[in-house]
Amino acid sequence: MVETIVLSLGAAALMGACATIAGAAEDLESDFGSQSNANSQVQLAPQVGYLHRYYNKAVSGEPVAYGFLCCTGAAIALALNTALGINIVISLALGALIAALMYAVYATTAYMGRLTGQKRFGQPIYLDILYTTTPSLIAHAFIAALGIGAFSYLMNLVLGQPFPYPILAMLWGVIVGGMGSAVGDVHYGAEREYQNKPFGMGLPAAQSGKIVQKGEAGLRNSMDVAGYCVKHGAPLTGFGLGITVFADSWREILFTQFWNGWGAMVAGLLLVLIWVIANRILEMWTRNTYGPYKTAED
Amino acid sequence: MDPITLLLILVGITIGGLLVGVGVHFVPVGGAPAAMAQATGIGTGTTMLAFSSGALGLISAGFTVHDIYSGSLKGAYPNFAPSLNDGTLLTASGIGPNLGAIVLVIAAGIVGSMLMMVILAVMANILYAFAIAVPLVSAKVKYDPITGDRQDLYVTRGTEGHGTPTVALISALIGGLLAGAGGAILYLALVASKFSVPTAAFIAIGVFFVNSVLASYNITGTIEGFHDPKFKRIPRAIIACTIASFVLGIWAIAIVYLGVV
Amino acid sequence: MSEVKELDWYTLAAVGIIGGLVLIILAALLNTQLNVWYFSFLGAAGAILATVWGADAVRKICKYGIGTGVPSIGMLAFGMGLLATLLGLRIGDYLVTQTGSSYAIYAGPVIALVLSLIQGAIIGYIANAVLKMKIPTMQIGMIFIAGAASIILMGFTTAIAGAFDYKTMVTFVFNTGFIAPLFMIGALPMLHPFNACLGPDEEQSRTLTLAVEAALLSSIMFGIMSLFVFDQGPNATLIPSLITIVLAVIGWAYAYLAYFKKVKESGVIILNTGVLPKKEA
């Protein structure tokens, strides 16, 4: 019994590490491609006269995109591993590679398609942006797919989750996409995309679409964006996913043996309570440190 | 297959789908504007945010069903495995002895879903607090209904709020609770009908998607939670999700009637 | 701007339904009669026709400004189509045991399609009447995308496993976990074209070319996954999967180049590199 718990805990720790790396890679990849939320501004910019050199990867939004990337990688790994007898680690890597290549094809067609769909605003298709950014996209998508495929496999094999690991990879892919969209994209959208606006405020509606065109040296492109977001947004996304994977596995492994399984539920609820209290403290801190934008009339 | 079992499965699927649809309305969705610190809420689309939390609830429920069926909890709930094998879990005589197990599975779905929701919201808040340096406020109410904090002074002029304040967070937890419970009930109803585990999981995902998308059509964009005026649209979603889940349930019990295996 | 005549969506529906069903049934028929697995790729071809149908239906629904984004539609379509398709295929299996004739299995896809169309009609009615979305093309559009989803599911199942009956689907598609990519990269070629070409200058021919390209890309993936089914056990053979993969790669390369040609022909400025163009004041 103790051995199983130790083995499971070790696997959970490894899973948490894989998830952290995968989460960071996911957010960086979505910054390279300017995907989902912040992309609405990149889409709007030519219409308000702000031409740009960002990538415009409008592939369905991050949760769905990572859902299909990770589940395809895991499914191909399953096929290669069982049919051709290739070692599972190499299968996962090959699966992730093929899925990342497919993903990049979707990215290029989206870039070309969106810009052609708004050709009347005069935004050109830059082939050099396509050629230089897409390989970075493939690389980070590969890391993300491999990380998520690997920990889905471990979850199925070592922790005993009954779903087959392609289905697990799809579910975790949607979760990592949601995490990247909620956490990492804010760093890109509110901070880097509007770097020339004052720090410490949200984006007024009137400023929508007026994104930064000129970078630190030369014109801003999506490589600069990823180079900036890797310092805060991406690690935070990775941390969020790693904590989710680890906390959920940890409470299930250690506490299921108490109170006929209710131990794990109580542990989970306690964790939720701790996070809610932490949020309240954070909320109070921001109100006190930053202060109001205007004073009360009364 | 006796009619009571079929009816219970149908009721299970309908209730599961309905809970999902209702839960989606509680989740604070900021959508694309939230990623620009222009709106309160979590910066993902409605459908996929609800699905992310439901996904973790489903994984958690799957774990628990497996534990009770053949894992470490087998001794604590001895009636569960035979009921599942015979397909008698959802009968008049099967529910009673297995009530503890059923409640545990639903609780697992709830806890998984709530955990995902709170981590999504709070990690985003950490980023809003330190990278964007904005307070966490809503522009839809003047005073936070739960904490009583003044909101409108702390909202950037021209935006609809930023971050996820306490009222939105509590609303998110309620949404996670309902969506997770719905997902777990769907999964349990399907596994009790002797569908294989992956089939049951994926049909549950399919029904989850249908209800989640219909609810997001009702919301049409962004919603901040139960304090948002758009929340009053919920009766339409209740009718829509009940009908949709009922029809999907009819297909499911037709498969069960013809023989699942 | 020349007025290119758009293909009517009933025409595309006919192509999708008849072409899709014929190719899927042909694939399974040839496989069973000749006792080989080489014709599985025809299932993928049927799915490609259905994808074009579905992509056009998505286009017609979303042109009215659906308010919540295009990807949800694909997920809705597949969520609706999944259960109805399973039931239809189960009825097909049931008819085989009832009538004793093995040809009754070919009624399965037709029943699955009809049930999906009914499901789509119900959801379309709910969306327009209960949720008050009031989009004129929603009712027919929902029927079409549910039907397209059903044929895509059955077509790619045939490509992966060589047959579409209920037992095969549950054993080789659901229990292995392949249903996950089937769902996701089956839905994506339907919703990606309109989402990717979105804009005031969107054109049907370019959008549908992209649909074909995306569906062929998915076919490559399903060909690799079919290795699991065909390359294991006593009759392990690489050939059926290789046929699907090679044909899909060639088709995809052709479709991608056709899409790029359409992009160039549309008149958008394509630059190899450069600074931002000066706007005439």
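**Pairing and contacts in a predicted model**

Biologist: Which residue in strand 1 of chain C is the bridge partner of A:Tyr126?

Modeller: In this predicted model, A:Tyr126 has C:Leu271 as its bridge partner in strand 1 of chain C.

Biologist: What makes strand 1 of chain A and strand 1 of chain C a pair, and do they run parallel or antiparallel?

Modeller: Pairing requires at least two bridges, and 2 bridges join strand 1 of chain A, residues 125-126, to strand 1 of chain C, so the two strands count as paired. Their directions are parallel.

Biologist: How do you know that chain C is in contact with chain A, and how many residues take part?

Modeller: The cut-off for a contact is 7 Å between C-beta atoms placed from the backbone, and 44 residues of chain C are in contact with 46 residues of chain A. On the chain C side, the elements that give two or more residues are helix 7 (179-196), helix 8 (204-225), helix 9 (227-230), helix 10 (239-265) and strand 1 (270-271). Helix 7 of chain C gives the most, with 9 residues. By class, this side of chain C divides into 28 nonpolar, 11 polar and 5 charged residues.

Biologist: How many residues of chain A are in contact with chain B, and which helix of chain A gives the most?

Modeller: There, 68 residues of chain A are in contact with 68 residues of chain B. Helix 9 of chain A, which spans 262-290, gives the most to this side, with 16 residues. Sorted by class, the side of chain A that touches chain B has 37 nonpolar, 23 polar and 8 charged residues.

Biologist: Why are strand 1 and strand 2 of chain B said to stand at the edges of their sheet?

Modeller: The open sheet of chain B is formed by 3 strands in the order 1-3-2, with mixed pairing. Strand 1 (39-40) and strand 2 (137-138) each have a single partner strand, so each is left with one side that has no neighbour in the sheet.

Biologist: What makes the pairing in this sheet of chain B mixed?

Modeller: Strands of a sheet pair through backbone hydrogen bonds, in either a parallel or an antiparallel way. In chain B, strand 1 is joined to strand 3 (residues 160-163) by 2 bridges and runs parallel to it, with B:Gly163 as the bridge partner of B:Thr40. Strand 2 of chain B is also joined to strand 3 by 2 bridges, but those two strands run antiparallel, and B:Ser138 stands opposite B:Gly161 in strand 3.

Biologist: What angle and what crossing describe the packing of helix 1 and helix 9 of chain B?

Modeller: Helix 1 (residues 3-26) and helix 9 (residues 234-258) of chain B pack at an angle of about 145°, with their axes 7 Å apart, and helix 1 passes helix 9 in a right-handed crossing. The contact between these two helices has 18 nonpolar, 7 polar and no charged residues.

Biologist: Which pLDDT values describe chain B and its elements?

Modeller: The mean pLDDT of chain B is 89, and 100% of its residues reach 70 or more. Among the elements of chain B, helix 5 (residues 92-95) has the lowest mean pLDDT, 76, whereas helix 7 (residues 166-192) has the highest, 93.

How values were computed. Residues numbered from 1 in each chain as written. Chains lettered and ligands numbered in written order. Predicted model: local features only at pLDDT ≥ 70, side-chain atom pairs only at ≥ 80, totals over all residues. Contact = placed C-beta atoms within 7 Å. Helix = DSSP H or I, 4+ residues; strand = E, 2+ residues; numbered from the N terminus. Nonpolar A, V, L, I, M, F, W, Y, C, P; charged D, E, K, R; others polar. Axes fitted to C-alpha atoms, helices over the stretch in contact; angles between N-to-C directions. Left-handed = near helix turned anticlockwise from the far one by under 90°. pLDDT = per-residue confidence, 0-100.
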